[in-house]
Amino acid sequence: MQRITSVSRWCERTIEACWLLALTIIPLYFNLYSARHFEPDKIAMLRSLALVAATALLIRMVDRLITQGRGPQLSAVQGEEQRPPPSLWHRLRTIPLAIPVLVYVGVYILTTLTSVVPWTSLWGSYQRMQGTYTALSYIMLGVAGVAVVRQREQVERIISMSMITATVVASY
């Protein structure tokens, strides 16, 4: 049984805050005083949230690796020998879209490296900023969400915040 430390809890809360902010602030935000009303400001915010979520996810992973070896390992039945934790490949196979997402990320990275203009492929054009970095930011927020959403209340928060934000956007 894995123990959850306070560091892991804070990381999970930070990740949840990032995807909740991404669900609410990004659809609602636009700057009428900018020459480019929508894309760049939202993408800068999305990239920042993805970096914070990725950092929190990395800290959580390191914390779990460190605390995994500490303390007594509890088993369900006394005298029962514990099985080793499942391999990374086995855990990836249990997540339905893990392999397609990894292939998608690999294709994005490969096409960026072999692009005629790799710098623009990585960062995106000046007008839209929709490059590999932005696509990986979308994917990172999704992966962070999958990593921490474990309870029904969290799923209900996702649905509620999406509906509230959609209502406000549609009303405007």
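Ser8 lies in helix H1, residues 6-28 (helices are DSSP runs of H or I with at least four residues, numbered from the N terminus). The model is predicted, so local features need pLDDT of at least 70 and side-chain atom pairs count only at pLDDT 80 or more, while totals for chains, interfaces and linings use all residues. Residues are numbered from 1 along each chain as its sequence is written, and side-chain values use heavy atoms, with hydrogens and water left out.

Ser8 counts as buried because its relative accessibility is 1% (buried is under 20% relative accessible area, exposed over 50%, partly exposed in between; 1.4 Å probe, protein chains only).

| Residue | In contact with |
|---|---|
| Ser8 | Arg60, Asp63, Arg64 |
| Ile15 | Ala53, Ala56, Leu57, Ala144, Val148 |

Ile15, Trp19 and Leu141 have the most contacts inside the largest nonpolar core, which has 18 residues (such a core is a set of buried Ala, Val, Leu, Ile, Met, Phe, Trp, Tyr and Cys residues joined through side-chain atoms within 4.5 Å). At least two core residues come from each of H1, helix H2 (39-68) and helix H6 (132-148). H1 supplies the largest share, 7 residues.

On the surface, Trp89, Ile99, Leu102, Val103 and Val107 form a nonpolar patch with about 470 Å² of accessible area together. Helix H4 (residues 98-113) gives the most to this patch, 4 residues. Ile99 is found in helix H4 and counts as partly exposed because its relative accessibility is 31%. Patch residues have over 30% relative accessible area and no salt bridge, with nonpolar side chains (Val, Leu, Ile, Met, Phe, Trp, Tyr) joined within 5 Å.

Definitions and conventions
Contact = heavy atoms within 4.5 Å. Patch = residues over 30% accessible without salt bridge, like charges linked within 9 Å, V, L, I, M, F, W, Y side chains within 5 Å. Areas by Shrake-Rupley, 256 points an atom, 1.4 Å probe, with all protein chains shown as cover. Salt bridge = Lys/Arg side-chain N within 4 Å of Asp/Glu carboxyl O. Lists of a residue's contacts leave out its neighbours within four places in sequence.
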